[in-house]
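Visitor: I would like to learn how to read a structure like this. Could you take me through it step by step?

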Amino acid sequence: MRVEIVVPPRVAVGAPVPITLRIANAGERPIELHLQGRTIVFDLTVRRGAAVVWRRLEGESVPAILQIRMLAPGEVLELKETWDQQVGPGDYSVSGEIPTDGAPLRAGPVPLTISG
Amino acid sequence: MRQHTMLFVSLVAGTVLFASACSDTTQPMPSSDDKVGFDPIQQPDDPVALVRDVHGFGGFFFDRDGAPTVYLRDVSARAQVERALGPWLASQEIGVAALRVRGADYDWVSLERWQGRATGEALAMRGAVWVDADEARNRVTIGVERGTSMAQVRSAVARLGVPSGAVVVEEVEPVRFAATLQSRVRPVVGSLQINFPGFLCTLGFNATRSGQRSFITNSHCTNVQGGVESTPYWQPSQGVAPTQIATEVADPAYTTGGGCPAGRRCRRSDASRASYASGTTSTLGRIARTSGANNGSLTITGNFSITGEGSASAGQTVHKIGRTTGWTRGSVSNTCVNVNVSGSNISQLCQTLVSAGVGAGDSGSPVFRRVGTGSNVTLVGILWGGSGSSLYVFSPISNIETELGALTTF
């Protein structure tokens, strides 16, 4: 199984940032995933240096239900979000986390440059 | 007790399990189709095997002082025992001089024969736990659960020709499988994993309403949150135990207006009720208990007993037990909070927030206060969600009963 985060390397100040978390079954057997939520819950964090500038689930109350999701060989599950950023130009990093009933699935960090 | 006698314990566990299911005991018991059997193969380094051919040998064990001790009918046979056991004792860094000898009433061959004879008869009796050729007592010991007629066991064994003096019948704790909150457990109690199509949740607590044996879990742990669609439930999952245990019968619709924010749908509890199938045993007022709070264990070690319903105030310590993070303990941070549910247009009104661990799959977990340090608890609600992994939200029991109607919970 492969978990990755896809972010455009550079966006303009004030432009929305599309972010995609991908879970891919790169194996030859189906994988049973246990994921949180009726709609799959995932968190995204944007940092500048060590400081968190945005977190998708900050302060959110999320149902603690567990979804059983089969992922066929070769299948890719995509979780998408748009960050409506209003931050200054600079270098940032983006990471993602998908809660399960064990260790969360993690991706990133990947770099993101916001240019003026 | 040696290898093969332990295997009898496996057999007994199955027997106890069957008896418990029939009697609807309050102790949660996992079911299992595990094969049981008897394997007389001895370990090559088994000291009893090394010495069993010495005439009059009646058992080998380490006594309370840790000294190697042998039962002999003829204590003058010590030299033979020393020769037989010497290399093994040396391998344990024990000199033969440390060997203690006790007079035996029975030889080991007879004890093993009587154990085998008694096993078939005694283990077939309700309440039997084990039958052992007891090397530390030079007797056949038969362990039975409290309440079992010891006289009945003794007379059954006597009928088989086993000398009454050679048998000790004693009361012992039943042997149980190490079930977890995610195991198949009957009778069904609170905190166990439940499954409905495509999802896993936690069973909150058992309840009776209008004579209907039921359990309470979250409204969002039904096919559609709000509204009754006869959601089927399995425990722990349809794959493990394909017989449906219950069907959703109550789940009020979410409504707009009143105190509900514009554009939102509201309720005061995330709760639904499911009615048990007639063939599924359940125990009212019991919550599966794990080994301790905030230790991550999912292994069931007993039960909590609900002895009342109540509320939880800010600052009070409350507990929850759920199928993912087990037993967590923390303090109430906020009460009567109106909470928007992430990713939906649902708002839950007048909910309680707790600073304690939570994870995906804990939805439905019973939340309670402990009464003292024992097993009695006061039910205060059911968990439905979390913010991060260290703050959870629960619906108070008073809100649940306002929406689902009065419930008998213990």
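Visitor: How many of the residues in chain A are buried?

Guide: A residue is buried if 20 or more other C-beta atoms lie within 10 Å of its own, exposed if 12 or fewer, and partly exposed in between, with C-beta atoms placed from the backbone. In chain A, 28% of the 116 residues are buried. For chain B, the share is 43% of 410 residues. This is a predicted model, where local features need pLDDT of at least 70 and side-chain atom pairs count only at pLDDT 80 or more, while totals for chains, interfaces and linings use all residues. Residues are numbered from 1 along each chain as its sequence is written, and chains are lettered from A and ligands numbered from 1 in the order in which they are written.

Visitor: What does β5(A) pair with?

Guide: Two strands pair if DSSP finds at least two bridges between them. Strand β5 (residues 43–48) of chain A is joined by five bridges to β10 (residues 90–98) of chain A, and the two run antiparallel. There, A:Thr45 stands opposite A:Ser95. Four bridges also join β5(A) to β6 (residues 51–55) of chain A, again antiparallel. A:Arg47 has A:Val52 in β6(A) as its bridge partner. β5(A) and β6(A) form a hairpin with two residues between them. In the turn, A:Gly49 has a positive phi of about 65°.

Visitor: How many contacts in chain A join residues at least 24 apart?

Guide: Two residues are in contact if their C-beta atoms, placed from the backbone, lie within 7 Å. Take contacts in chain A between residues at least 6 apart in sequence: 71% join residues at least 24 apart. Under that count, chain B has 65%.

Visitor: Where does chain A touch chain B?

Guide: 18 residues of chain A are in contact with 24 residues of chain B. On the chain A side, β7 (62–63) and β8 (66–71) each supply at least two residues. The largest share, three residues, comes from β8(A). By class, this side has eight nonpolar, seven polar and three charged residues. Ala, Val, Leu, Ile, Met, Phe, Trp, Tyr, Cys and Pro count as nonpolar, Asp, Glu, Lys and Arg as charged, and the others, Gly among them, as polar.

Visitor: Which strand of chain B is joined to β8(A)?

Guide: Strand β11 (residues 199–202) of chain B is joined to β8(A) by two bridges, and they run antiparallel. A:Gln67 stands opposite B:Phe199.

Visitor: What is the secondary structure of chain B?

Guide: Chain B has six helices and 25 strands. Five of its strands form an open sheet in the order β12-β13-β17-β15-β14, with antiparallel pairing. β12 (205–209) and β14 (232–233) of chain B stand at the edges with a single partner strand each, so one side of each is left without a neighbour in the sheet. β14(B) pairs with β15 (residues 246–250) of chain B over two bridges, in the antiparallel sense. B:Pro232 has B:Thr247 in β15(B) as its bridge partner.

Visitor: How are two packed helices described?

Guide: Two packed helices are described by the angle between their axes and the distance between the axes. Axes are lines fitted to C-alpha atoms, for helices over the stretch in contact, and angles run from 0 to 180 degrees between N-to-C directions. Here, α4 (residues 108–122) and α5 (residues 150–158) of chain B have axes that come within 9 Å and cross at roughly 130°. α4(B) and α5(B) are therefore oblique to each other. Angles under 35 degrees count as roughly parallel, over 145 as roughly antiparallel, 65 to 115 as roughly perpendicular and the rest as oblique.

Visitor: Which residues make the contact of α4(B) with α5(B)?

Guide: B:Ala118, B:Glu121 and B:Ala122 of α4(B) meet B:Val153, B:Ala156 and B:Val157 of α5(B). They divide into five nonpolar, no polar and one charged.
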